[in-house]
Amino acid sequence: MDQAIDFDELRWLRELTYKTRKKAVPEIIGARLLTRGLIERKVGGYALTARGLIALAKLG
């Protein structure tokens with residue numbers, strides 16, 4: 001089942017595209033994005049997956 005992405009989640013997806021990250025992703029938002037497969041854990045934090053990039057392209 002596909003779930004809608006809310007504005008906070010969209011903002012954090014965009015934040016992950018920036019080269020410099022100033023804040024850590026809130027744990028609850030990170031967990032929701034991980035569950036949906038939009039991000040993955042990396043050594044320094046989170047990174048977008050291909051599915052996350054597609055979601056960003058569609059949502060703008």
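Predicted model: local features only at pLDDT ≥ 70, side-chain atom pairs only at ≥ 80, totals over all residues.
## What covers helix H2?

What covers the buried residues of H2? The cover includes H1, S1, S2 and H3.

## How confident is the model?

Across the protein chain, pLDDT averages 87, and 93% of the residues score at least 70. Confidence is highest in H2, at 93, and lowest in S2, at a mean of 88.

## Helix H2 and its two sides

Helix H2 runs over residues 27-36. Its buried residues are Ile29, Gly30, Leu33 and Arg36. They cover an arc of only 130 degrees around the axis, and that puts them on the same side of H2. Now turn to the other side of H2: there, Glu27, Ile28 and Thr35 are exposed.

Why do residues three or four places apart in an α-helix point the same way? It's because an α-helix has 3.6 residues a turn.

## Arg36, a buried residue of H2

Let's zoom in on Arg36, which lies in helix H2. Is Arg36 buried or exposed? With a relative accessible area of 16%, Arg36 counts as buried, because the cut-off for buried is under 20%.

If you skip residues up to four places away in sequence, Arg36 touches Gln3, Ala4, Ile5, Glu9 and Arg51.

You'll find Gly37 in the loop between H2 and S1. This glycine is partly exposed, with a relative accessible area of 28%.

Which residues does Gly37 contact, leaving aside its neighbours within four places in sequence? They are Thr49, Arg51 and Gly52. Lys23 is another story: Gly37 and Lys23 are 14 residues apart in sequence, and their C-alpha atoms are 21 Å apart in space.

## The hairpin: S1 and S2

Next up are the strands. S1 covers residues 39-42 and S2 covers 45-48. Together S1 and S2 form a hairpin, with two residues between them. The two strands run antiparallel, and four bridges join them. How does that look residue by residue? Ile39 stands opposite Leu48 in S2, while the bridge partner of Arg41 in S2 is Tyr46.

Arg41 and Tyr46 are linked in another way too: a polar contact of 3.3 Å joins their side chains. Tyr46, found in strand S2, is buried, with a relative accessible area of 8%. Compare its position with Ile28, 18 residues away along the chain: the C-alpha atoms of Tyr46 and Ile28 are separated by 13 Å.

## Helix H3 and its two sides

Helix H3 spans residues 50-59, and Gly52, Ala55 and Leu56 are buried in it. These three cover an arc of only 100 degrees around the axis, which puts them on the same side of H3. On the other side of H3, it's Ala50, Ile54, Ala57 and Lys58 that are exposed.

What do the buried residues of H3 pack against? They pack against helix H1 (7-15) and strand S2 (45-48). After H3 comes Gly60, whose phi is positive, near 90 degrees.

## The nonpolar core

Finally, look at the largest nonpolar core, which has 13 residues. Which of them touch the most other members? Leu13, Leu16, Val25, Leu33, Ile39 and Leu48 do. H1, H2, S2 and H3 are the elements that give two or more residues to this core. H1 gives the most, with three residues.

Leaving aside its neighbours within four places in sequence, Leu13 is in contact with Ile5, Leu33, Leu38, Ile39, Leu48 and Leu56.

Notes
Residues numbered from 1 in each chain as written. Heavy atoms only, no water. Buried < 20%, exposed > 50% of the residue type's maximum accessible area, 1.4 Å probe, protein only. Arc of directions from axis to C-beta. Contact = heavy atoms within 4.5 Å. Pairing = 2+ DSSP bridges. Core = buried A, V, L, I, M, F, W, Y, C linked by side-chain atoms within 4.5 Å. pLDDT = per-residue confidence, 0-100. Polar contact = N/O pair within 3.5 Å; in protein donor to acceptor, adjacent residues only side chain to side chain.
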